[in-house]
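Colleague: Hi! I'm new to this one, could you walk me through it?
Modeller: Happy to. Let me put it up for us.

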Amino acid sequence: MDEVNEPAEQERSPALAPADEAMLARAQTLREITDAALRDVAQHYPGDDHGSLLRDALFVHGLTEKLIDQAVIAERERGASWTDIGNAAGTSRQAAHERWNTNVGAWVLMGRQRTGIGRGPADPATHAQYLDEWYADMAGEQQAVSALLPSLGDEAARAEANARRAEAKQLHQQAEELRKEIDASYSAAMEATGTDASEEKRAVWAAKHFARAEVYDRLAVLEGPDAVEHRRRAAAQRGIAQDILKGSTPASTPADDGTRERVYAAYCDLTDEERSGSKRAVAALLAERFGRLQIDSVRKHLDPVIEAYHQKERL
């Protein structure tokens, strides 16, 4: 099936609950793996077509790597801890977190729903029906995929999930606005150093950090798969605020909140053709897919992201 362009956000059918969106994306990848494997079993490879067997195998391997990432995301949506995931992978909690946290963060930042980066219809009901029919032709079981998606037929559950998405989007925007206000407050506090207004300016600066911490606390509730990171960010903001009130000056503005890692993950998901565009075009494409990141925020991270990507490719 050809890749389907995503409709504008206002035209999209309401997304499913995040856990169901994750399972639907996983089912699509399983179909792609199955189709590729069946095709390769009967594929005729001419004797002089050297490398084609390996290319096809690597294609399936890439799909299985994608499936593993999607399985981790689905597990996080189902409430699995990083310890649970580490145990399933035969590794430690920390190693599991380091390996998959960027993918989970990118999924969260993109609204915890399937996007145009993947394949399959945008409308979840259409996508589920498409996979149901494929599976029925293969195994005879009817509505096998739809049966795994409780919110597909539960309008109230979908409405609640999308209300939480909308609130999270507003909070991410608020966090970005507070970041700008923190920069301005920092400058004002530095300019007031040694004056009677110094204490007042530092109090305003600290208050902005406390406010940003509260935003991350709320996001930890709304975006469970990324709750660990949100709580870490909240703690970092409070620590900076407390240092400010004690009279010390943080070495820098708040540590990166994970946006760069997420921009990197989304950049890796672009096609070669999309990555070959101008930086302005790539930034606009990423900002559109994230939905809640302003293009200036993406541009800020794009150069190091591109360099990191090319360094990985050279390994």
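Colleague: How many salt bridges does a search of the whole structure find?
Modeller: It finds 14 salt bridges. Keep in mind that this is a predicted model.

Colleague: Which residue forms a salt bridge with Glu-167?
Modeller: That's Arg-218, with the closest N and O atoms 2.8 Å apart. Glu-167 is in helix α6 and Arg-218 in helix α7, so the pair links distant parts of the chain, 51 residues apart.

Colleague: Is Arg-218 buried, partly exposed or exposed?
Modeller: Partly exposed, with a relative accessible area of 33%. Glu-167 also counts as partly exposed, at 29%.

Colleague: And what does Asp-217 meet in a salt bridge?
Modeller: The side chain of Arg-238, at 2.4 Å from N to O. Here helix α7 holds Asp-217 and helix α8 (residues 227-245) holds Arg-238, 21 residues apart.

Colleague: Which residue pairs with Lys-279 in a salt bridge?
Modeller: Asp-303, and their closest N and O atoms are 2.6 Å apart. Asp-303 lies in helix α12 and Lys-279 in helix α11, so this pair ties together parts that are 24 residues apart in sequence. There is also a network: Glu-176, Arg-179 and Asp-183 are joined by salt bridges that share partners.

Colleague: Changing topic, how many aromatic pairs does the structure hold?
Modeller: Two. In one of them, the ring centres of Tyr-186 and Trp-205 are 5.2 Å apart and the planes are at 65°, so the pair is edge-to-face. Tyr-186 belongs to helix α6 (residues 155-191) and Trp-205 to helix α7 (residues 198-222), so parts 19 residues apart in sequence are tied together.

Colleague: Is Trp-205 buried or exposed?
Modeller: Trp-205 counts as buried because its relative accessibility is 3%. Tyr-186 is partly exposed, at 31%.

Colleague: What about the largest nonpolar core, how many residues has it?
Modeller: It has 15, and Tyr-267, Leu-270 and Val-282 are among those with the most contacts inside it. Helices α9 (259-269), α11 (279-290) and α12 (295-314) each give two or more residues to this core. A second, separate core has twelve residues, including Trp-82 and Trp-100.

Colleague: Which charged end sits over the ring of Tyr-267?
Modeller: The one of Arg-275, 5.9 Å from the ring centre.

Colleague: Last one: which residues are buried in α5?
Modeller: Among them are His-127, Leu-131 and Trp-134. Their cover includes α1 (18-41) and α6. After α5 comes Gly-140, with a positive phi near 85°.

Terms used. Residues are numbered from 1 along each chain as its sequence is written. This is a predicted model: local features need pLDDT of at least 70, side-chain atom pairs count only at pLDDT 80 or more; totals for chains, interfaces and linings use all residues. Side-chain values use heavy atoms; hydrogens and water are left out. A nonpolar core is a set of buried Ala, Val, Leu, Ile, Met, Phe, Trp, Tyr and Cys residues joined through side-chain atoms within 4.5 Å. Buried means under 20% relative accessible area, exposed over 50%, partly exposed in between (1.4 Å probe, protein chains only). Helices (H or I, at least four residues) and strands (E, at least two) are DSSP runs, numbered from the N terminus. Rings of Phe, Tyr and Trp (its six-membered ring) pair if their centres lie within 6.5 Å; planes under 30 degrees apart count as stacked, over 60 as edge-to-face and the rest as tilted. A charge sits over a ring if NZ of Lys or CZ of Arg is within 6 Å of the ring centre and within 35 degrees of the ring normal. Contact means heavy atoms within 4.5 Å. A salt bridge is a side-chain nitrogen of Lys or Arg within 4 Å of a carboxyl oxygen of Asp or Glu.
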